[in-house]
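User: Hello! Could you walk me through this structure and tell me what the terms rest on?

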Amino acid sequence: MPALVSSGWDVWRGKSRALQEAIGQLRRVLELEKAKGFLDTAVVGGLDAYLRRFLLQNPLPDGHRLLQVVGSLPPGGYAALHPIQRRRVVEALLQALRSPQPQRHRRQREEARAVVPSSPVTQLRGVNRGHAHKLGRLGIVTVGDLLYHFPHRYHDYAAVRPISQLVTGEEQTVIATVWSAGETTIGRRKATEAIVGDETGTMRLIWWGQTHVARQLRTGMRVAFSGRVSVFRGRRQMENPEWEPLDAESLNTRRLVPVYPSTEGLPQRLLRRLVWQALELSAHQMPEALPPELRQRLGLPPVAEALRQIHFPDTREMAQRARRRFALEELLVIELGVVRRKKAWQEGAKAPALVLPQEVLEWFIASLPFTLTGAQRRAIAQVLQDLSRDVPMSRLLEGDVGSGKTVVAATALLAAAWSGWQGAIMAPTEILAEQHFRTLRRLLGDQAGEGPWFSLEGPGYVVMEPPFLGRPLRMALLMGSLRPAEKAAVQRAIAHGEVDIVVGTHALIQEGVRFPRLGIAVIDEQHRFGVVQRAALREKGRAPHVLVMTATPIPRTLALTIYGDLDVTVLDEMPPGRPPVKTYVLRPHQRHLAYDFIRRQVGQGRQAYIVCPLIEESEVVAARAAEAEYERLSRDVFPDLRLGLMHGRMSARERDEAMRRFRDGELDILVTTTVVEVGVDVPNATVILIEGADRFGLAQLHQLRGRVRRSHYQPYCLLLSENPSEEAQERLRIVETVHDGFRLAEEDLRLRGPGEYFGVRQSGFPDLKVANITDVELIELARQEAWRILGEDPELKAPQHQVLAQRLRALQERVTAEVS
Ligand code: ADP
Ligand code: MG
C-alpha cells in the first residue's frame, strides 16, 4: 500500500456524519444521473448547481480528485457537455469519491493548474484551505464566482504627487524611498513606523497593529504609498497606507483600487491579488450572458472587458459602464423569470369569465354597513373588469392595514358564486381565517344582523341567503385544526361543488383538497406566502383568477421586480373617521410615562399591545426575551392588570388562543413579538408600545401601529429605544410625522435595501448584488428586453440565450429552496 493518503484527505475523510451523508447523497445523485442517461435531470436545477453547493458546504483539500474533475469542466459546466462527455465526467466523479487521495508534489500541482471559470478557487496561487473556507462564506467557490465578486467601492489613488504637493484630507499616492522602518509602541499600541522621502520632502507613515510591515519594508526600497494624508504636529503623515514596491503590478496603489465586501481573515490585498490572477487566467473564458445583438444595441461592453473594468477600472466612467452592464445582466435574469411566469399564466388555460350584474353589485354595495371609499370603488371596478374576461386575472391589491381590502375580495367571491363557480380565500393564520369567515358572513349575508339569513350546518359551514343573490350561498371554513371527520366533511362538500366560498389557511393548498370549479383564489397577506404557495393554490383550479392582497406597501420598483407577474391596484384611501395613529418617540428615561399612559387607557376600558425588541438571531432567543419581559411587566409594572403573552415559539394554537383572549377582552395588555404584525382586528386596542423601536424598519413600524387603527377611538403608538444613535433617532422621527406607508417603505428601501426591507424569510426575492433596486430606469429596460427575448425565443433554446437560461434555472432553484 503506497503512502497515498495525505493529512488533508484524512481530515476530509474524518468521521463527520454530515460529510458522509453529503458524499452518500452526491453518489446517489450521480448514480441517478447515470441511470437517467446523462440528461442532467437527476437534480432540480442541474448538476452544476448541485456540485457547487456540495463544494460550498464541504471544503475539500487541495488537489482532491473531485476538485480536479470539476476544474476540468468547460465554461458552461456540465450542462454544456454532450451526453458522451457527461458520461466520462460522471464516472470520474464517482471514481474520485471512491478512491483515497494521493499526496501530490507541489510541482505536479503547479502543472495541473489549468484555470478556467469553473475551477475551484483553490486552483489559484496563494489560496490555502483556510482562505477557501472563508471565500466559501462569501459564496465564492469557483474562479468564476470570484470574478463576479464585485468591489462595492474604490479608493481613488490615481493621483500621484510629490510629498510637498500632497493635499491634506485627500486620497492620493506618493512614490518615495524608505529611509527607516521599524516596529514601535505608541501609547499601548504596537505599530510599524516608517520615514520616507522624495526629492521634495519627507513624511511619516504609521501602520497600527501591523508589525509585519516593518519586516517587509527595507531601507532604500522605492515604494508607492497610497492613503489619506493628515497633519500631525505640523508634519504630513499617512495612517495605514496601502503600499507596494514599484516593480510590482499596481493593484493597491497608483490607481482606482477596488474595495471588496469581505470577511474576517480575508484582507483586501489578498482579494485583489486573487482577482487579478483570476482575470489574467480566465476572464477571456467567462461565458457571455448577454446576447451580442442586445449588447451592441445598448452599447454595453463585453464580459471580459467589463470584468477588468469593474475590478481594476481605468477611470470612474469605465467602472460605471461595467457596473451598469452587470446590473442589467442581473436584472435581466430576474425579469426573464417574471415575464416567463406571466406569459405562461396568460397564454395557458383559459379562465372562466365571472360576471356580477350591475344591479346585483349596486344592491350588494347598498346593503353594506358602510359607504365604500373611492379607492374601494375603483378597485372593485377593476377586479370585476378582470374577472369578466377569460384571461386569468393576476392582480395585487395593496392597501394599508384597515384600508378595507376584504370587501373587495368579497365582491370577487360574490361574482364567482353568481356565475356558478367556486371562490377560495387563503389567510396565513387560523385566527385570520376565522376573522375573514366572520367578516364575509357579515358582508355577504347577515350584515344587518337581523338574520336568520343563515343557519349553521355544523362547524365551519354556513348557508346564507343574501337577498341580492336570489339563492342560497354556501360558505365553508377549512383549517388544519378541524377534527378529521369535520375536515373530511368540508373537503367532500367542496369536491362535490356544494360549497360556493371556502375560507381557509394553508390547509387549502394541501393535497386531498379538490376544487372542481375554482373560479377565483384570493390570497391574503401575500408577503407571508411565497411564490410557491401562490402557484400551488393556482394549480387547484384549471386556471382560476388570482387576487393577492397585502398590507405591506410595495413601492413600484419592487412591484415590478418581485411581483412583476401581477397587475397592481392600490387602496390609497382610508375609510373616513379613522384618525391617524398619534406617534411619539420617547427617550429611555420616559418609559414610566409610557406605562402610565397605558394604565390610563386601560382605565378607560381600552387595551394595549407591548411589542418586544426585534431579535433576528433566533426565534428561541426572541421568545425567551419576550417571556422575561412578560414576567417583569406582570410582576413589577402592571401587577393589577391582566396580561397575556404571544410569541413565535408558541404553537399556532397557543398563539390563536392568546389572540382570541385579547380580542374577547379577557386581557388588558398583550405582550408580543412581531408575530402580531399580521394580526386580527381588535378595535378596542388603542395603544401599541414598541420597545427597541430603532431595530425595526420604518415600514414595519408602520405595519405594527396599523394594529391599533381599527376603530373611531384615537390610537397611539409609543416608540422606545434603549440607546439610539442620533441617526436612529432621526429615522424614528420620520415615523412620527409620516403616515403614508408607501413613503415609509421607499425610505426604508433607500436606507436599508430590499433584503432588510423584506426580511430574511421573504418570499422569493433574490438579493441584488450589483443592481440597485431603486434604479427604475434600468429595471424597466431589463423588463423590456426580457419581453423581447422571450417573444423571439419563448423556451430560451437559442444558443445566444444559453447562459441566461442557465442563470435563470440557478436563480429559480435558489428561490424555491429559500421559500419552501
Ligand atoms: P384590511 O385592508 O386591513 O384587510 P379590512 O377589510 O379588514 O381591512 O377592513 C377593516 C375594517 O374596516 C373592517 O371592520 C371593515 O368592516 C371596515 N371597513 C371597510 N371598508 C370601510 C369603509 N369604506 N368605511 C368604513 N369602514 C370600513
Ligand atoms: Mg385584512
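Analyst: Gladly, beginning with a pair of helices: H16 and H17 cross in a right-handed way. Right-handed means that the near helix is turned clockwise from the far one by less than a right angle, left-handed that it is turned anticlockwise. This is a predicted model, where local features need pLDDT of at least 70 and side-chain atom pairs pLDDT 80 or more, while totals for chains, interfaces and linings use all residues. Residues are numbered from 1 along each chain, chains are lettered from A and ligands numbered from 1 as written, and side-chain values use heavy atoms, without hydrogens and water.

User: Why is H16 called roughly perpendicular to H17?

Analyst: The axes of H16 and H17 (residues 430–444) cross at roughly 65 degrees and come within 10 Å. Roughly perpendicular covers 65 to 115 degrees, under 35 is roughly parallel, over 145 roughly antiparallel, and the rest oblique, so H16 is roughly perpendicular to H17.

User: What makes H14 and H16 oblique?

Analyst: H14 (residues 358–367) and H16 (residues 406–418) pack at about 140 degrees, with axes 12 Å apart. H14 and H16 are therefore oblique to each other. Their crossing is right-handed.

User: Which polar side-chain atom lies 2.6 Å from an oxygen atom of ligand 1?

Analyst: One of Thr406 does, and a polar contact is a pair of N or O atoms within 3.5 Å. A polar backbone atom of Gly402 is also 2.6 Å from an oxygen atom of ligand 1, and one of Thr371 is 2.8 Å from a nitrogen atom of ligand 1.

Key
A polar contact is a pair of N or O atoms within 3.5 Å; within protein, one must be able to donate a hydrogen and the other to accept it, and residues adjacent in sequence count only if both atoms are side-chain atoms. Axes are lines fitted to C-alpha atoms, for helices over the stretch in contact, and angles run from 0 to 180 degrees between N-to-C directions. Helices (H or I, at least four residues) and strands (E, at least two) are DSSP runs, numbered from the N terminus.
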